[in-house]
Amino acid sequence: MSSRDPNRVLIFDTTLRDGEQSPGASMNLSEKLEIARTLEALGVDIIEAGFPIASPDDFAAVRAVAEQSTRARIAGLARSLKADIDRAADAVRPAGERGRIHVFLATSAIHRQFKLNKAKEEIVRQAGEAVAYARSLCPDIEFSCEDASRTEPDFLAEVVAAVIKAGAGTVNIPDTVGYAYPQDYANLIASLRAKVPGLGEAGGAVISVHCHNDLGLAVANSLAAVRAGARQVECTINGIGERAGNCALEEVVMAMRVRKDQFPGITTGVASDRMYGASRLVQSITGLPLQRNKAVVGDNAFAHESGIHQHGVIKNPECYEIMTPQSVGFPATTMVLGKHSGRAALQQRFEALGVSVAEADMGRLFDAFKGLADRKKEIYDGDLIALVEEVIRGNRATAWKLEYLHTSAGTGAVATATVRLSQGGEVRTDAATGDGPVDAVIATINRICAIEGTVEDYRLRAVTKGGDAQGEVSIRARLKAAGAAGEAVVVGGKGLSTDIVQASCHAYLDAVNRLGALAGGGKRIDHRE
Ligand code: MN
């Protein structure tokens with residue numbers, strides 16, 4: 001670590017750990033591997049792949065991400081307990097010297113008193129012992145002082161000094177509850193540097209920040225901390241995460257890049273022109289769509305509506321654009337492919353978009369592309385990204401597949417749906433009525449799959465322009481197997497079609513399939529850091 005570039009801000013992505021803690025955002029193994037591949041291509045420095053002791057699935061996912069990785073450091077989270085640390089060490093071992101154990105312990109008075117019931121001295125001792133033990137198993141240790149921003153600054157410095165002495169190379173000062181204010185947070189980082197010799201200096205431990213967005217300040221707090229000397233930022237794609245989420249990777253990276261005047265000499269390893277593709281992939285896999293006006297990667301981020309703005313942008317984009325759509329990988333809005341395009345052209349276009357497609361998926365992807373090209377004259381980049389997502393999501397072996405769909409609806413008529421689904425070799429057909437065709441389709445799927453379900457949120461988005469545009473439906477549903485004990489779980493689903501009833505059917509079926517994939521995941525240990 002001693003040869004570290006003092007101006008390089010390390011990007012620590014926790015989409016697979018904190019991001020997965022977004023309600024309803026659980027991902028399966030192949031989805032996590034897909035996101036990890038995309039994160040490495042994006043150029044993040046550290047991927048936090050999960051919390052290995054939380055469940056057997058979490059352990060397997062961290063291990064598989066470590067095995068697959070080629071460049072990024074792979075971190076596994078652990079409480080300051082021997083069993084957690086052993087499990088994390090086993091999970092990250094395939095990454096070799098790129099493995100990292102991320103140990104945490106709460107330090108604030110409220111957590112000490114009500115969660116841990118431990119005195120200050122015990123916290124310092126337990127943190128030091130945990131780091132020393134982790135260090136005996138793995139050369140790269142990060143320690144997090146959970147709820148650091150609400151911890152007494154002098155005590156925080158004492159903990160930080162103790163864990164560095166025990167062997168931590170990175171010390172994280174998280175704003176776990178999203179309470180910090182930028183100037184105060186910067187002052188806290190500066191005060192730690194003043195109290196702990198060498199902290200944040202070349203050759204000393206790296207200061208990391210991990211900010212939550214409860215007051216919408218996660219990015220601002222992270223930026224303030226970088227100016228005060230933090231050199232690792234923990235963030236997630238699209239800012240997903242616990243409650244209001246984490247610092248958004250795309251926003252914090254572009255803020256440092258566009259406002260070079262505020263961050264002189266500061267660099268990251270992120271290939272910003274791959275951000276849009278990464279954002280779309282994470283939206284698709286988690287079923288958490290972005291609002292259109294989301295900074296940097298939202299659909300409207302570069303849309304100029306007023307005539308005065310449009311006129312200015314045509315004369316010179318810099319009139320109203322502080323960065324170009326290309327710089328963050330926004331897809332071109334001009335036609336890129338048509339029905340006569342071949343497989344090589346398709347593959348080339350995916351590469352240009354920074355979308356990694358496994359060779360095994362390419363055949364089905366090309367078939368899907370040909371099918372779309374028959375229904376839709378012009379294919380845009382947005383269509384291609386949506387297609388990849390659809391094909392990747394269809395990869396589940398145990399999934400129900402739609403074989404046939406017919407609906408009838410109209411003014412004064414009772415909406416009815418007939419649906420045929422297959423799973424493995426089994427085919428089932430049923431019919432039901434509803435308030436409208438989508439409601440009828442959902443009622444029919446519930447009957448066929450023996451599901452009790454209600455839709456909590458339904459969104460329809462046109463992927464591209466024009467009357468023949470594909471509709472992308474995102475659903476959040478509360479589901480459980482009919483007659484099953486326990487509470488229903490919130491599951492996201494997404495569907496794509498030029499027919500919106502069919503897209504809705506795919507989306508709901510996707511959620512049902514995700515419920516099936518989640519079943520049997522084992523009990524999870526609650527974790528918050
Ligand atoms: Mn967190």
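Here are some friendly questions and answers about this predicted model.

Me: Let's begin with the domains. Where does the domain assignment place domain 1, domain 2 and domain 3?
Reply: These bounds come from an automatic or database domain assignment. It gives domain 1 as 10-286, domain 2 as 303-379 and domain 3 as 401-518.

Me: How much area do domain 1 and domain 2 bury between them?
Reply: The centres of domain 1 and domain 2, taken over C-alpha atoms, are 33 Å apart. Across the boundary, 10 residues of domain 1 are in contact with 10 residues of domain 2. Carbon and sulfur atoms account for 58% of the area buried between the two domains, and that area is about 910 Å².

Me: Which elements do the buried residues of α2 pack against?
Reply: The buried residues in α2 are D58, F59, A61, V62, A64, V65 and A66. In a helix, residues three or four places apart point the same way, because there are 3.6 residues a turn. The partners of the buried α2 residues are α1 (29-42), β2 (46-50), β3 (73-79) and α3 (82-92).

Me: Is H102 buried or exposed, and which side chains does the side chain of H102 contact?
Reply: H102 lies in strand β4. Its relative accessible area is 0%, so H102 is buried. The side chain of H102 has a polar contact of 2.7 Å with that of E48, and another of 2.6 Å with the side chain of S144.

Me: Which side chain is joined to that of T107 by a polar contact?
Reply: T107 sits in the loop between β4 (99-106) and α4 (109-116). With 0% relative accessibility, T107 is buried. Leaving out residues up to four places away in sequence, T107 touches R112, I123, C145 and E146, among others. The polar contact is 2.8 Å, and the side chain at its other end belongs to T151.

Me: How many disulfides does the structure hold?
Reply: A disulfide needs two cysteine sulfur atoms within 2.5 Å. C138, which is buried at 6% relative accessible area, has its closest cysteine sulfur in C145, but 18 Å is too far for a bond. C235 is in no disulfide either, as the sulfur of C247, the nearest, is 5.4 Å away. The number of disulfides in the structure is 0.

Me: In the loop between β8 and α9, what is the phi of N238?
Reply: N238 is in the loop between β8 (232-235) and α9 (249-258). Its relative accessibility is 8%, so N238 is buried. Most residues other than glycine have a negative phi. N238 is not a glycine, yet its phi is positive, near 65°.

Me: Is R243 buried, partly exposed or exposed, and what is its phi?
Reply: R243 is also placed in the loop between β8 and α9. A relative accessible area of 38% makes R243 partly exposed. Although R243 is not a glycine, its phi is positive, at about 50°.

Key. Residues numbered from 1 in each chain as written. Predicted model: local features only at pLDDT ≥ 70, side-chain atom pairs only at ≥ 80, totals over all residues. Heavy atoms only, no water. Buried < 20%, exposed > 50% of the residue type's maximum accessible area, 1.4 Å probe, protein only. Helix = DSSP H or I, 4+ residues; strand = E, 2+ residues; numbered from the N terminus. Contact = heavy atoms within 4.5 Å. Polar contact = N/O pair within 3.5 Å; in protein donor to acceptor, adjacent residues only side chain to side chain. Buried area = accessible area lost by both parts, 1.4 Å probe.
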